[in-house]
Amino acid sequence: MMSGNSGGGGGGGPGGGMGPGMGGPVGGGGDGRHDDEAALTEFLSSLMDYTPTIPDELVEHYLGRSGFHCPDLRLTRLVAVATQKFLSDIASDSLQHCKARVAAPIKDNKSKQPKDRRLVLTMDDLSKALREHGVNLKHPEYFADSPSAGMAPSTREE
Amino acid sequence: MSGGGGSGGTGDEFGRAVARAAVAQALEAAGFDCAHRSAVDAVVDVLLRYITHLGRSAAFHANLAGRALANELDIIQALEEVGADTDGFAGASATGHCLVGSGVVRDLMAFVDKDEVPFVRPLPRFPVPRVQPQPSVSFAVAGKETGMRHVPEWLPVFPDPHTYVRTDAWVEPPPTKDRVDKVEQVRQRRKAEKSLLSLQQRLAQAGAEGFHPAAALTQDSAEKGKEIQAAGTKRNPFLEPALPPGEKDVSEVDAPPEKKKLSVLEAFAPAIQATAVREIDAETGLDRNQRSIVPKERAPVHLKIGFGRKPVAPVLNSGALDLRDDPSFLKEEAKDDKKRRAGMILRASMENPQELPQL
């Protein structure tokens, strides 16, 4: 499949985002392109050895729901790997936020020891990490039974 | 994020549960010790939307290029559009480059080279199809004729006629009210006739031969209904033949006539209360009885069985106790026509027992 596409004159055929500057680097960049294509091919075949954290069946299910039908397993793995990378990016960002939160106010040496401090993924850190990726996550702090729940008795009587 | 994962929250529990496990594994690999459940659910939601968005973009690019099936370059293009990383990728600013050498791929390659964390459990292919859809057979394959010119043979066959033609099930018609009433009328008429017949026989025998009414009753017991039997099984002293005067000393006390009337009433109750009574010409009987209904004197002691001109059938009104003094005996039939007729028949039979054909 890859050789067939490469026979079509580089990346001119597939992809809709190709600019008009196609006709330029044809001769000189041909080797580079071939290297890139070889690298891509090798990468895709190496994907078959790699098992992503996100299972293939899950990815296939959701890709099928969105209209992406492909019998090729390598493409499914590609999507899975990309998603896993996205997930690890979010996790690392929120981990940094969590560690920054722990390290900032050093009041008590005992409780803030990094080795016994448990790193918990909270909604707060997650929303900060997702904001950089373009996802706005707002989480309510608590839910109350009535508007006057939890207020001081004096104010409640009023 | 686009609306690619619009309906992800509803009815997709299994996929979400699997994704939750995968996310937990990735978080643990990233270095987290634990996580809030709501935070994990939020990450799962974002993840599924990401996958859906990638699939939609890739499918869009493939369709744009005139293909039905997407290939890896579509995915790479979609990845470039989504923005795989916040920091961007090398070559993102270059517009006219080949996708093959895209920085996204290089980032992915670098990512893959890191440690591998596979999913813990093997998963079946889901969603599992529950029912194999039966492919419908076309007319040509089934070998049938469509029967209509506008229906070609390559269309599936029509369903069987029994699936859409409705025939009424045969329901036994319930017995109509008229029939029921008529049957009931006939039954009561028969009962009245039976009671009449039995009474006439008893009276005739008791009056003519001085026969014991009990024996006569036992003869008729097989034919009679229960009502007559209940009244006549005991030996009725009032139906015995009259003693000749002077034979027995009796006190000058009025024997209560109610007993006789009640017993006779019991005997005639079904006949009187029957709604349908055979039409008997009671006009002549009425005339005959009218003259003799009111006697001049009243015998206090000796009670004569009513073979004479006196009507024995008691009045149905509870107020009237003495038949002979009550001129309204005949007037009471204004209340109920059929009861009147029954009374007529009885009186007629009292007076002329020999004329009746039943005897």
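The side chain of B:Thr52 reaches the backbone oxygen of B:Leu48 at 2.7 Å, a polar contact (a pair of N or O atoms within 3.5 Å; within protein, one must be able to donate a hydrogen and the other to accept it, and residues adjacent in sequence count only if both atoms are side-chain atoms). This is a predicted model: local features need pLDDT of at least 70, side-chain atom pairs count only at pLDDT 80 or more, and totals for chains, interfaces and linings use all residues. Residues are numbered from 1 along each chain as its sequence is written, chains are lettered from A in the order in which they are written, and side-chain values use heavy atoms, without hydrogens and water.

**B:Thr52**
- B:Thr52 sits in helix H2 (residues 37-64) of chain B; helices are DSSP runs (H or I, at least four residues), numbered from the N terminus.
- Its relative accessible area is 5%, so B:Thr52 is buried (under 20% relative accessible area, 1.4 Å probe, protein chains only).

**Aromatic pair**
- The whole structure holds one aromatic pair over all chains (ring centres within 6.5 Å, rings of Phe, Tyr and the six-membered ring of Trp).
- A:Phe86 and B:Tyr50 are stacked, 4.1 Å centre to centre with 0° between the planes; stacked means planes under 30 degrees apart.
- The pair crosses between chains, from helix H4 (residues 73-103) of chain A to helix H2 of chain B.
- A:Phe86 is buried because its relative accessibility is 3%.
- B:Tyr50 is buried because its relative accessibility is 1%.

**Helix H6 of chain B**
- The 33 residues of H6 (residues 177-209) should span 48 Å at 1.5 Å a residue (1.5 Å times one less than the number of residues).
- The end C-alpha atoms of H6 are 47 Å apart, which agrees.
- Buried residues of H6(B) include B:Gln188, B:Ala192, B:Leu199 and B:Leu203.

Technical notes:
Helices (H or I, at least four residues) and strands (E, at least two) are DSSP runs, numbered from the N terminus. Buried means under 20% relative accessible area, exposed over 50%, partly exposed in between (1.4 Å probe, protein chains only). Rings of Phe, Tyr and Trp (its six-membered ring) pair if their centres lie within 6.5 Å; planes under 30 degrees apart count as stacked, over 60 as edge-to-face and the rest as tilted.
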